[in-house]
Amino acid sequence: MLSGLKDVTVGRHPGKLNGQQFVIQDCVNCNIFVFDHAATITIDDCVNCRIVLGPIKGSVFFRDCNDIKCVVACQQFRTRDCQKVEVFLCCATQPIIESSTGMKFGCFQYFYPDLAFHFKDAGLSIFNNNWSNIHDFTPVCGENNWSLLPESSKVLDFVPVPDPESEFKSVRISGDPERSIVPLTKGGRRKDSDESCLFVFFAGEYTTANARKLIDEMTTKGFVLVQTKEVSMRPEDVKRVFQNSADELVDWITKGPVIALELSGGGVVDACRSIADQVFPGTKVNALKDKHRKDGAHFLLKLHKQTQHVLHMPYDSLTHTLQIQN
């Protein structure tokens, strides 16, 4: 527990919490760094604090807090009776605010050396991030209790690295989106292009690395990563979503969850196909078109080194795929 602190830099080093519950309360003007994974974390009655929380297997709950800037990765995010909380968030479920105002959300952008291991220990996927899909339990007619941070926001401008004189000076930290463990996504912001491509990786030995490689290649070329998901699919999901190609895909879902990346931008479909051929050579490409929709969204499936499919599908089918739950 951290309680009743003022004007200090405090927290926990990797290995100190090791999946336990943790409480932060009654802190004023503090820099708090929890570089470890936890079961749950509760933050009560804190004012003017900068907080970094490592991956949380369960919930993080902010109550009666004011003027907080934070970085959070969790299964469930909740606030109650809070004002002016700005959070760079990775949340596996829909974030919830209650009786809270001035809430601002951005996509998680953070790195420290043990963070990837802590995500795994907490049972969180770096690809399941609902940071912009906020549910307000207590909406006020004509008012907005929450908004999204500007797309240009940099995490270290909100939560600086630990003071060089602090006990955390040796922890190597980066707020560079290119080094972030969690991919930087556009989320609920308005897309600049109507053309989208959903690239799906089926489970394999290098699935995560391949997904990150594709993200790097596409964003370097100026395309936008809208959202990502890592989900398990049932045979009925495959048949409903992939339709005519379902039979040959059913066996693949037994190998583990799929990773889906939605990318956007003019020419994104051709770019995905080109990069897939370059980055994942020796592939076979089959294309199907949705006869009911000329401007249908596109589906690009990366199965393994030798097999790849491209399908043209209605956008509602694409969106449904991203919402399939484990």
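This is a predicted model: local features need pLDDT of at least 70, side-chain atom pairs count only at pLDDT 80 or more; totals for chains, interfaces and linings use all residues.
**Overall.** I began with the secondary structure and found that the protein chain comes to seven helices and 19 strands. I then looked at contacts with a separation of 6 or more, and residues 24 or more positions apart account for 52% of them.

**Cores.** I looked up the largest nonpolar core, which has 45 residues, and noted that Phe-35, Phe-108, Tyr-110, Phe-119, Met-218 and Leu-261 have the most contacts inside it. Among the elements that give two or more residues to this core are strand S8 (66–80), helix H3 (207–220), strand S16 (258–264) and H6; H6 gives the most, with six residues. Domain 1 (2–176) and domain 2 (196–303) each supply at least three residues to this core. Apart from it I found another core, of 36 residues, including Cys-30, Cys-46, Leu-53 and Val-87.

**Leu-261.** Leaving aside residues up to four places away in sequence, I listed what Leu-261 touches, and the list includes Phe-127, Leu-198, Phe-199, Ala-211, Leu-214 and Thr-228.

**Helix H6.** I checked H6 (residues 268–279), whose twelve residues reach 16 Å from the first C-alpha to the last, close to the 16 Å expected at 1.5 Å a residue. Which residues of H6 are buried? I found Val-268, Val-269, Ala-271, Cys-272, Ile-275 and Ala-276; they lie on the same side of H6 because they cover an arc of only 160° around the axis. On the other side of H6, I noted Asp-270 and Gln-278 as exposed.

Definitions and conventions: Residues are numbered from 1 along each chain as its sequence is written. Side-chain values use heavy atoms; hydrogens and water are left out. Helices (H or I, at least four residues) and strands (E, at least two) are DSSP runs, numbered from the N terminus. The expected span of a helix is 1.5 Å times one less than its number of residues. Buried means under 20% relative accessible area, exposed over 50%, partly exposed in between (1.4 Å probe, protein chains only). The arc is that of the directions from the helix axis to the C-beta atoms. Contact means heavy atoms within 4.5 Å. A nonpolar core is a set of buried Ala, Val, Leu, Ile, Met, Phe, Trp, Tyr and Cys residues joined through side-chain atoms within 4.5 Å. Domain bounds come from an automatic or database domain assignment.
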